[in-house]
Amino acid sequence: MTVLVLGDQLTRRVGPLAARPDERVLMVEARAFAARHPYHPHKRTLVASAMRHFRDALRDDGRDVEYHVVETFGDGLDAHFDAHPGDDLVVMRPSSYGAADRLRDLVAARDGALTVVENETFCCSPAEFDEWYDGGTLRHEDFYRYLRRETGVLMDGDDPVGGEWNYDEANRETPPADYEPPAVPTFEPDATTRAVQDDYADLNAESWAAPEPFGWPVTRADALAALEDFCEHRLPDFGPYEDAMVAGEPTLDHALLSAPLNLGLLGPREVVERAVEASESRDDVPIESVEGFVRQILGWREFVRHAYRVGMPALADANRLDATRDLPPVYWDGDTDMACLDAAVGGVRERGYAHHIQRLMVLSNFALLYGVDPHELNRWFHVAFVDGYHWVSTPNTVEMGQYAGDLFATKPYAASANYLDRMGDYCAGCAYDPDATTGADACPFNALYWDFLAENEDDLRSNHRMGLVYSHLDDKRDADDLAGIRERAEGVRAAMSEGESPRNE
Ligand code: FAD
Ligand code: SF4
């Protein structure tokens, strides 16, 4: 019997690694995975370095670890079964849809056997979720409250701590002009990380030129230090400024913990418990910060994991609005006069990261209005972000961001410059006018926004949550403004599809 450890299951605390401390361990670092897409160099480095560090940590524990650096995953299994014919493997269920079956086939083709056990790197098991869901309505707030009750996190008996389940209203403040968020810690590459960078230098040279130096946590110790740093310095303001966007501040008070969480270096339960502990032992963590943070991890992260499970495989092809346009080049080269897009893509190019509101209201919103094929956008999120994995990017991008599925989104996250100007300060320093809809200097979001509503009128007008915006569209139509707006939208798309900034048309 051998425990197979996948690259996003790097934990000794749960699963078969914990249950079978004396068994041999198999890990496969397959170059073909890294070569399959133009991944951000930091993502390639992060995953391979975290795997190698985990191998070393297991060996330091005295465990027998066979680690194969090979071209394909199948090559790694060949090497294993050549040495151990007919071996039985046990693995935690992979997060990606269909991956367990593909693994089983690969193992069976080599006359081995594979036992797939529950993936224990999440808080809520599939059985628990399915019992709660029971074919009903997938509503995040209901699930979140259910899980708070089940886990007892931030509960005071049967009631939520502070008296409210949700302090969303207090999560929309704008920081003062002189606000300086605490710096985010970076972790200096050691010899193992540098070796990974050398090994993948050829692939990285072909994609994403000149990111900033690598500094993501790659070990359990680094990940715990990142968690401590967040709780100590950024958790207090996390809540109030959770939805804010500030020029020159790519991380604000966000945790930057999705990468170590998605690799298994941190467990969601321990992250939540540490934040709650910090709020209980200190006076500087308001309830809207700790509850807001708990809602992201215990609520959203667990919810999308199960929504993906329930929604696949249909979600992989869903395209409710029939959006088919190509992703404009700016998502790759970041070359644009649009200040908000420039900042969001710039952050991705530099460190494989943009915070949640940039992802949802800039990167995803713009693609929605532009009419990008949701699956092309999903691929981009998957390859460009250090935390991008199919199970988490798909429900966030295809369902929530692009309104392409039919799972839990009740209306599209579509917004014009009005929202972006209210929630951030990019517009103040932008070449475009956020108040104009037509004209060479008009903000591209604006014409695209009205054009999006007109283009998808058959699908969206009957949505009762869209009634007000459609009455505004009617006003524009009645005033004979719509044709000019739609012409401007076409001009924006034509310029951007050529990699140009629309104001030069
Ligand atoms: P914080 O804002 O500090 O939040 C704390 C933690 O909560 C995160 O680390 C994350 O683990 C969790 N979290 C918060 N929101 C979500 C959510 N909607 N779904 C899942 N977990 C959440 N997250 C990924 O991990 N991988 C992705 O590929 C990914 N793609 C996204 C694509 C789009 C279009 C959108 C709108 C969101 C996406 N997210 C994704 C969710 C979320 O934006 C990131 O988890 C978060 O920005 C990570 O940064 P952070 O650690 O600083 O998060
Ligand atoms: Fe973005 Fe438009 Fe504001 Fe410029 S004016 S920052 S493009 S929303």
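These legends describe close-up views of a predicted model.

**View 1. The shell around ligand 2.** Ligand 2 sits in the largest cavity.

**View 2. The W300 and F303 ring pair.** The model has 24 aromatic pairs. In one of them, the ring centres of W300 and F303 lie 5.7 Å apart. Their planes meet at 85°, and angles over 60 degrees count as edge-to-face, so this pair is edge-to-face. Both residues belong to helix α13 (residues 287-311). They are three residues apart, about one turn of the helix. W300 is partly exposed, at 25% relative accessibility. F303 is buried, with a relative accessible area of 0%.

**View 3. The Y449 and W450 ring pair.** Y449 and W450 also form an edge-to-face aromatic pair. The distance is 4.9 Å centre to centre, with 75° between the planes. Y449 is buried, with a relative accessible area of 9%. W450 is buried as well, at 11%.

**View 4. An aromatic cluster.** One cluster is formed by F129, W132, Y133, F143, Y146, W300, F303 and F408.

**View 5. Arginines over tyrosine rings.** R55 lies over the face of Y67, 4.6 Å from the ring centre. R320 lies over the face of Y403, at 3.6 Å from the ring centre.

How values were computed
Residues numbered from 1 in each chain as written. Chains lettered and ligands numbered in written order. Predicted model: local features only at pLDDT ≥ 70, side-chain atom pairs only at ≥ 80, totals over all residues. Heavy atoms only, no water. 1 Å grid on protein atoms, 1.4 Å probe; cavity = no way out; pocket = protein on both sides within 12 Å on 5 of 7 lines; lining within 4 Å. Sits in = over half its atoms within 2 Å of the grid points. Phe/Tyr/Trp six-rings, centres within 6.5 Å; stacked < 30°, edge-to-face > 60°. Helix = DSSP H or I, 4+ residues; strand = E, 2+ residues; numbered from the N terminus. Buried < 20%, exposed > 50% of the residue type's maximum accessible area, 1.4 Å probe, protein only. Lys NZ or Arg CZ within 6 Å of the ring centre and 35° of its normal.
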